[in-house]
Amino acid sequence: MESVKEIWERVLGELQLQVSKANYTTWLKNSCGISLQENIFVIGAPNAFVAEWLTKRLYSLIKKTLTQIIGRDIDVQFIVHNKEQVQSGSLAYANQTDGGTSTRVKIDRFNPRYNFNNFIIGDCNRLAYAATVEATENPGHTYNPLFIYSSTGQGKTHLLHAIGHRAVNNGLQVAYITAEQFTTEFVLAIKQKQIEDFRDKFRPARIFLFDDMQFISDKKQTLQCFFQIFNELHNNNCQIVITADHHPKDMALLSDKLKSHLEWGLIVSIQPPDFETRLSILHAKAEEMMILISDEVLRLLAERIWENIRQLEGALIYLSAKAKLSGMELTPQTVNRLLTSTANKQDERLITQKVADYFNLSIEELSGKRRDRKTALARQIAMYLMREEGNCSFAEIGKMLGNRNHATIIHGYKKITTEMTINSKLRRQISDITERIDLNKASRKKS
Ligand code: ADP
Ligand code: MG
């Protein structure tokens, strides 16, 4: 039986004959087959724009081709998946002095695009950058462990890979693993009763890089194993660098002991990039990708896309592909039009975030199933604000708030609209939240 990868390669071969060369190169070439479970074939695209484009434009063709090749009715799903970051073998050891031959697992799997030289520094990430450089140059001495947290797309993985490259150049043994891979290996090791071997693999590391720790924050056994490895490495003065999407104190299920150990060293956050940083990043990336784009358009992009750096990159790639394929010029008008959906999604997320913060809820609680009075009110206010401030359709709002149906959203929206006419406390709450949203928007723009 063919592997998923082989099947996808055959599909690509077919598709190459059916779409234009430009379309093939831009949208399909860097895709990959990820899994086939039951009748769903999952395809990885390098970023959200490509995934969205493929879903909109090539869904039927791909479905048809896959169905023919596999010989039964297949449905297709696209996800964002960076090929370069995913290779076989999970724990990466790299050590240049011996070419890696003496280590058990030898891969140089640090993404060449993620290095210190092309990491743009701004107020949002200066401390995290300085601390990672320090941890690389003086491993185990200054901040150990170094814990970096931020929302998605702000450069955590980039910094870990940058440490990897630099440390390898300094002749050090580096182990890099994502929490997800760690879990997979751990589960396998338990099954095969090779837990000792699994733990042994980390011993030679002089620097241990652990990416996306939130992934194991609710897995008790995996956490326990991680904790043992952590302690042993720490005792041996191995430099440990961990990333996650939250501060350890906000990861509810971690034991107090692990939390306190994580606080032994330094905990730094990376904030969303400010306008100047966004603009520098866009300039640098446009140059790196050799995209001809005016300063005016880059400024517009920096104003409209503010949530994270991955989106900035994605928007640039998308715009340049659009321009190339359609021969369209990238003027502020065309760019404004092309960006609407990305920009709107960010605004919706900002509204839900601000409402959640105001009521001391998490986004999950706001969009989840809880129905106590506070949560239900907060949820209805979010519905109202997304409609009034965000101009979203009821269907979009429903999707953002935990896939609620259209009728529920209309009901919530109407309830708040009516209630506001008689309830001054509610009016005040809503105006407080709106003020916070506006403040946030204003601070995004250049003074
Ligand atoms: P995270 O791990 O925080 O989700 P990544 O490290 O994957 O984020 O970064 C997302 C994308 O943005 C990557 O392509 C990365 O190279 C780029 N990026 C993030 N921060 C910076 C920065 N300060 N300078 C240049 N590129 C950056
Ligand atoms: Mg990451």
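**Figure 1. Aromatic pairs in the predicted model.** The count comes to 18 aromatic pairs. Rings of Phe, Tyr and Trp (its six-membered ring) pair if their centres lie within 6.5 Å; planes under 30 degrees apart count as stacked, over 60 as edge-to-face and the rest as tilted. This is a predicted model, in which local features need pLDDT of at least 70, side-chain atom pairs count only at pLDDT 80 or more, and totals for chains, interfaces and linings use all residues. Residues are numbered from 1 along each chain as its sequence is written, and side-chain values use heavy atoms, with hydrogens and water left out.

**Figure 2. The Phe182–Phe202 pair.** These two rings are tilted, 5.8 Å centre to centre with 50° between the planes. Phe182 belongs to helix α7 (residues 179-191) and Phe202 to the loop between α8 (195-200) and β7 (207-211), so the pair ties together parts that are 20 residues apart in sequence. Helices (H or I, at least four residues) and strands (E, at least two) are DSSP runs, numbered from the N terminus. Phe182 is buried, at 0% relative accessibility. Phe202 is buried too, with a relative accessible area of 0%. Buried means under 20% relative accessible area, exposed over 50%, partly exposed in between (1.4 Å probe, protein chains only).

**Figure 3. Phe198 and the ring cluster.** Phe198 pairs edge-to-face with Phe202: 5.4 Å centre to centre, 90° between the planes. Phe198 counts as buried at 4% relative accessibility. Ring pairs link a cluster whose members include Phe182, Phe198, Phe202, Phe226 and Trp264.

**Figure 4. Charges over rings.** Lys219 lies over the face of Phe215, 4.2 Å from the ring centre. Over the ring of Phe394 sits the charged end of Arg387, at 4.1 Å from the centre. A charge sits over a ring if NZ of Lys or CZ of Arg is within 6 Å of the ring centre and within 35 degrees of the ring normal.

**Figure 5. The largest nonpolar core.** Such a core is a set of buried Ala, Val, Leu, Ile, Met, Phe, Trp, Tyr and Cys residues joined through side-chain atoms within 4.5 Å. This one has 50 residues; Trp8, Leu28, Leu54, Ile62, Leu66 and Leu301 touch the most other members. Helix α13 (residues 309-326) gives the largest share, eight residues. Domain 1 (4-80) and domain 3 (275-330) each supply at least three. Domain bounds come from an automatic or database domain assignment.

Key
Chains are lettered from A and ligands numbered from 1 in the order in which they are written.
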